[in-house]
Amino acid sequence: MGVEGCTKCIKYMLFFFNFIFWLAGCVILGVSLWLRHDNKTSSLLELKYEGTEAPSTFYISIYILIAVGAVMMFVGFLGCYGAIQESQCLLGTFFACLVILFACEVAAGIWGFMHKDTISKEVISFYDSVFDKSLIATEEKKPAAVAVLKVFHETLNCCGKGGMFSLINQWFTDTCPKDYSAVNCHTKINELFSEKIYLIGFAALVVAVIMIFEMIFSMVLCCSIRNSPVY
């Protein structure tokens, strides 16, 4: 005979939230893999020119998210099994894992907020360096620079730095898409990575709310099992 009354309701609510948590882990893992293999980001971040590579900060963040998604799936399963079996040991382990995950998520959120513009700035800096070098490159090195610029221009449907460099952009009409939207690449790069960051931030917020409810329910259930006369 297990827990009864309101505690039994909490037990099944904890199971439900854990199932949602497990699904959230699946979603984060899936979204992370999509971001890692997304054509736009992959084509830009895998570029090289004269030994200089596009910044890997974005990919580092994605690999962390992949690990988080996998851990969430494991912890979610642990919570579901612990709730159904009414095991104090499993629920205690589950609670400890949640506390660690929550602390890591808060730390990652603070770091991400403080460095939210770093990725786009690094990619823009890489684009600008290739753009500037292409202006003074010799005939032998110019095709390599043009090839890198073409990937940026065709992937993002943009051309040049914009602003005071708009006249210079006309020298590179062969690298610009035929139907490009006359938007400079600085704007497009900022838009691309801002969308990704907001998507990650929204997912992290939803997961944090679920984790708070799970920590409360797991503690209440664990205490109820301990105080139950049948144990």
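This is a predicted model: local features need pLDDT of at least 70, side-chain atom pairs count only at pLDDT 80 or more; totals for chains, interfaces and linings use all residues.

Student: How many helices and strands does the secondary structure of the chain come to?

Tutor: Helices (H or I, at least four residues) and strands (E, at least two) are DSSP runs, numbered from the N terminus. Here the chain has eight helices and two strands, and their order along the sequence is α-α-β-β-α-α-α-α-α-α.

Student: What share of the 231 residues in the chain is buried?

Tutor: Buried means under 20% relative accessible area, exposed over 50%, and partly exposed in between, with a 1.4 Å probe and protein chains only. Buried residues account for 40% of the 231 residues. As for contacts (heavy atoms within 4.5 Å), 78% of those between residues at least 6 apart in sequence join residues at least 24 apart.

Student: Which residues of the largest nonpolar core touch the most other members?

Tutor: A nonpolar core is a set of buried Ala, Val, Leu, Ile, Met, Phe, Trp, Tyr and Cys residues joined through side-chain atoms within 4.5 Å. The largest one has 25 residues, and Leu14, Phe21, Met72, Leu98, Val207 and Leu221 touch the most other members. Helix 1 (6-37), helix 3 (57-85), helix 4 (88-114) and helix 8 (185-227) are the elements that give two or more residues to this core. Helix 8 contributes the most, with eight residues. Apart from this core lies another, of 17 residues, including Val123, Ala145, Ile189 and Phe193.

Student: With which residues is Leu14 in contact, leaving aside its neighbours within four places in sequence?

Tutor: Leu14 is in contact with Ala83, Leu91, Phe94, Glu214, Phe217, Ser218 and Leu221. Ser218 belongs to helix 8 and counts as buried because its relative accessibility is 0%. A polar atom of its side chain lies 3.0 Å from the backbone oxygen of Met215; a polar contact is a pair of N or O atoms within 3.5 Å, where within protein one must be able to donate a hydrogen and the other to accept it, and residues adjacent in sequence count only if both atoms are side-chain atoms. Not counting residues up to four places away in sequence, Ser218 touches Leu14, Phe94 and Phe95.

Student: Is Leu98 buried or exposed?

Tutor: Leu98, in helix 4, is buried, because its relative accessibility is 0%. Beyond residues up to four places away in sequence, Leu98 touches Phe21, Val75, Met211, Glu214 and Met215. The C-alpha atoms of Leu98 and Ala208 are 9.9 Å apart, although 110 residues separate the two along the chain.

Student: Which residues does Gly69 touch, not counting residues up to four places away in sequence?

Tutor: Gly69 lies in helix 3 and touches Gly25, Ile28 and Leu29. Gly69 counts as buried because its relative accessible area is 0%.

Student: Finally, which residues lie nearest the centre of the largest pocket?

Tutor: On a 1 Å grid over the protein atoms alone, a pocket is an open set of points where a 1.4 Å probe fits, with protein on both sides within 12 Å along at least five of seven lines; lining residues have an atom within 4 Å of a point. Of the 43 lining residues, Leu65, Ala108, Gly109, Ile200 and Ala204 lie nearest the centre. Helix 8 supplies the largest share of the lining, 15 residues.

Conventions. Residues are numbered from 1 along each chain as its sequence is written. Side-chain values use heavy atoms; hydrogens and water are left out.
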